[in-house]
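Below is a briefing on one protein model. Please look at the structure first, then read the notes.

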Amino acid sequence: MPPKKQTTTARPFIEHLSSNLKSADGRPKQTALTAKTLIVGPNGSGKSAVQQSLQLALLGSADDLTGRDGVKDNGMLMSMVSAERLSVHAKLSNGEDYVFIAKDGSRPSHDTAGDAFLPLHNIREVLDSSPANARKAFLGWASASVRAADIEEMVPAIYQAKYKDISGSVGRGKSPVDALLATLEYVGKRQRDATKEASGAEALLAGMTQDLDEAPTESDIDDAKQVAGALASTLSRAQSAQAQHAALLTKITGLRQQLATATPSIPSAGAEDREFYRSMVSAANIAVSRGIETCPLCSSAVGAKHIKMCAGFYEDTLKTMPTPTQGVDTAVLQQRLTEYAQDVASLPTELLDLDLIEAQKEASAAQDRWLALRATSEKWASLRSARNTVAEMTRESETYKGMKKELEGVVAGLLKRVVDTFIARVQRHLPDGWKFGMMLEEGGKEVFRLGLLTNGKLRCALSGAEWATVTCALAMAICADIPADRPVLVMPEDRGWDAATLGKVLASWSGFEGQVVIGTPTKPKKVPTGWTVIELGQVEEKAEPEKVVPEVVVVDPAAPSMQVFVASPSMWAMLRALGYSNGQIGSLNRESAAHIISNGIAAPKEA
């Protein structure tokens with residue numbers, strides 16, 4: 001079916017897709033898209049290939065691969081292409097290009113002009129999380145118009161100053177609602193940390209109080225310190241006195257022994273006689289050693305034998321002469337003995353009589369007592385500090401606990417304020433007769449449920465088609481604040497819509513400003529205005545197209561009628577990924593470059 005006339009929209013959308021994903025011959029398939037496109041065909045006709053190619057071009061990943069979503073693994077992606085290279089090129093209505101290229105043995109290349117938004121991914125992620133996370137995400141989507149002042153007014157006065165401080169830090173650069181949620185998360189963490197610290201301090205208290213003696217007073221510690229010091233001083237003085245006493249007794253004993261063995265001095269034999277005989281011995285020995293025959297004293301020719309006999313005589317006489325000795329001065333020794341006796345008498349008797357072993361034990365015991373009292377005092381000081389810590393952490397925990405409860409109340413209050421407006425936004429994208437509903441509280445307990453209202457009762461157990469329709473309506477509702485120049489694409493799962501329901505669903509999505517691409521085996525009875533239907537699996541066979549060789553235009557810069565082609569960064573990246581060198585790229589014109597990229601034509605080998 002040829003594309004129907006599409007209503008103009010300011011938001012860019014993919015108008016042309018070239019991809020060889022799941023292509024039997026490995027060649028790229030071309031698909032013309034509009035802002036609202038319905039792809040109809042039986043299973044295996046290529047619907048999922050188109051949707052996965054769109055995901056690769058916009059996000060660089062693909063869903064529904066062996067039951068996995070967000071697949072970026074190069075090997076898994078290359079398993080879906082029969083060519084050497086996986087090439088996906090999406091051309092947007094504003095002229096931007098989004099390209100994804102992968103090949104074996106290298107990392108995929110993803111070149112984009114900006115960030116595309118596929119809101120259905122966000123919806124699925126949130127709905128698969130906990131109710132608490134879902135409530136927070138919903139609040140962020142539904143409260144874009146809430147001001148910081150609105151939130152601060154809802155915070156109790158007791159916590160307002162603290163809220164401003166915390167939100168100003170953790171919420172810097174965020175929207176007021178995101179700042180509130182960040183503050184709530186921070187407060188919850190601080191409350192948990194404070195509770196943990198208080199529990200740790202309490203455990204410390206329990207261990208410290210076991211077998212702890214009574215707390216000593218400062219006076220008790222000072223008295224014990226003085227007693228220990230006095231005993232240590234007495235011990236030291238006694239040890240010194242007894243050591244001095246022993247030394248003096250040793251000296252006295254020595255003097256007494258010297259007096260008992262003292263001998264009178266031996267008078268000297270005369271210095272001149274001794275010197276004469278010593279000289280004669282020396283002269284005779286010299287004469288003998290030199291062979292002199294005359295007497296060294298009178299020069300008589302007495303002969304060497306006579307001289308030797310004289311030398312022996314003089315030497316024997318010298319030996320028999322007594323050696324002079326210095327006599328001992330007994331008066332001096334007696335004087336020293338008297339002085340040492342006086343020193344002994346001056347030593348304190350109580351120190352000399354003190355039992356050093358017992359004194360050592362008493363001094364050690366006193367020292368131990370003083371140290372024990374001081375250690376017990378320090379334990380009591382640590383105990384008091386731990387008690388203060390417990391009290392402080394408990395107060396902090398209670399403060400953050402109360403603040404957390406109040407901020408959760410603020411979140412709940414905001415949810416109640418915005419829920420009706422958000423429901424209305426979702427309702428705009430549902431078929432006539434369908435009524436969207438949400439439940440945020442049940443029996444005083446916070447919950448997060450959504451579905452369709454039937455006879456005023458919320459029905460959450462939806463069919464596959466109903467669930468796909470509702471989640472897509474949610475995805476469309478959260479796009480209200482996405483910048484107008486950012487592409488938005490909603491692609492529901494392939495569900496078994498019946499023909500009548502599908503027509504109603506298409507009509508309800510016609511007013512969505514983003515792009516919608518649906519793949520389904522069902523063809524609606526009536527296609528609403530603004531939708532393009534692409535039928536797969538029923539196309540007549542055509543002859544094998546000829547291989548297109550890109551036209552290479554050699555540009556002469558000197559020619560005035562020619563304008564040199566300069567590839568854009570994205571176009572240059574796509575051509576480089578196809579194997580073209582800088583020289584080959586420079587020789588192309590814009591039309592041939594676009595043709596190469598659209599058809600995924602690899603570069604010819606340079607000669």
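Which residues of α1 are buried? They are K47, A49, V50, Q51, Q52, S53, L54, Q55, L56, A57 and L58. Buried means under 20% relative accessible area, with exposed over 50% and partly exposed in between (1.4 Å probe, protein chains only).

This is a predicted model, in which local features need pLDDT of at least 70, side-chain atom pairs count only at pLDDT 80 or more, and totals for chains, interfaces and linings use all residues. Residues are numbered from 1 along each chain as its sequence is written, and side-chain values use heavy atoms, leaving out hydrogens and water.

**Overall**
- The protein has 18 helices and twelve strands. Helices (H or I, at least four residues) and strands (E, at least two) are DSSP runs, numbered from the N terminus.
- Of its 607 residues, 40% count as buried.
- Among contacts with a separation of 6 or more, 67% join residues 24 or more positions apart. Contact means heavy atoms within 4.5 Å.

**Helix α1**
- Eleven of the 13 residues of α1 are buried, so this helix is largely enclosed by the rest of the structure.
- Helix α1 covers residues 47–59, and its end C-alpha atoms are 18 Å apart, which agrees with the 18 Å that 13 residues should span at 1.5 Å a residue. The expected span is 1.5 Å times one less than the number of residues.
- G60 follows α1 and has a positive phi, near 80°.

**Helices α3 and α4**
- The axes of α3 (residues 119–127) and α4 (residues 131–142) come within 9 Å and cross at roughly 145°. Axes are lines fitted to C-alpha atoms, for helices over the stretch in contact, and angles run from 0 to 180 degrees between N-to-C directions.
- N122, I123 and V126 in α3 meet A134, A137 and W141 in α4.
- By class, this contact of α3 with α4 has five nonpolar, one polar and no charged residues. Ala, Val, Leu, Ile, Met, Phe, Trp, Tyr, Cys and Pro count as nonpolar, Asp, Glu, Lys and Arg as charged, and the others, Gly among them, as polar.

**Helix α6**
- A kink of about 30° in α6 is centred on Y163. The bend is the angle between axes fitted to the seven residues ending at a residue and the seven starting there.
- Y163 is also one of the buried residues of α6, with Y159, I166 and S167.
- The end C-alpha atoms of α6 (residues 157–170) are 20 Å apart, in agreement with the 20 Å its 14 residues should span.

**R190**
- R190 lies in helix α7 (residues 176–208).
- R190 counts as buried because its relative accessibility is 18%.
- R190 touches E396 and Y400, not counting residues up to four places away in sequence.
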